[in-house]
Amino acid sequence: VYYEVGYAHRANKEVILVSKKDTAVHFDVASINRIEYEDFTELSESLAVRVRGICDRLGITVIDSGES
């Protein structure tokens, strides 16, 4: 996975890293902003917020499906 993260960063691609709370994170990616979650609900909500933020920054319109 570290190879893919490095490749994506070099290619200026958006990367969203996730890790379960209280999980050790390798030093190579420890300084990269990531979502830390306890359960699926928290992960799902955090991912939705992050993806919407990226879309806003890139000027991509997000159509709300009515689900949260």
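**Exercise 1.** In this predicted model, find which residue Glu42 pairs with in a salt bridge, and work out which parts of the chain the pair ties together.

*Solution.* Start with the partner: Glu42 forms a salt bridge with Lys21, and their closest N and O atoms are 3.0 Å apart. That sits inside the cut-off, which is 4 Å. Glu42 is in helix α2, while Lys21 is in the loop between β1 and β2, so the pair ties together parts that are 21 residues apart in sequence. Glu42 has 24% relative accessibility, so Glu42 counts as partly exposed. Lys21, at 32%, is partly exposed too.

**Exercise 2.** Glu14 and Arg57 also meet in a salt bridge. Decide whether Arg57 is buried or exposed.

*Solution.* First the contact: the N to O distance is 2.5 Å. Glu14 lies in the loop between α1 and β1 and Arg57 in helix α2, so this bridge links parts 43 residues apart in sequence. Then the accessibility: Arg57 comes out at 55%, so Arg57 counts as exposed. Glu14, at 41%, is partly exposed.

**Exercise 3.** Look at the second largest pocket and say which element gives the largest share of its lining.

*Solution.* Two elements give two or more residues to the lining, α1 and β1. The largest share, three residues, comes from β1. By class, the lining has eight nonpolar, three polar and one charged residues. Arg34 is among the lining residues, and Arg34 also forms a salt bridge with Glu36, at 3.2 Å between the closest N and O atoms.

Key
Residues numbered from 1 in each chain as written. Predicted model: local features only at pLDDT ≥ 70, side-chain atom pairs only at ≥ 80, totals over all residues. Heavy atoms only, no water. 1 Å grid on protein atoms, 1.4 Å probe; cavity = no way out; pocket = protein on both sides within 12 Å on 5 of 7 lines; lining within 4 Å. Helix = DSSP H or I, 4+ residues; strand = E, 2+ residues; numbered from the N terminus. Nonpolar A, V, L, I, M, F, W, Y, C, P; charged D, E, K, R; others polar. Salt bridge = Lys/Arg side-chain N within 4 Å of Asp/Glu carboxyl O. Buried < 20%, exposed > 50% of the residue type's maximum accessible area, 1.4 Å probe, protein only.
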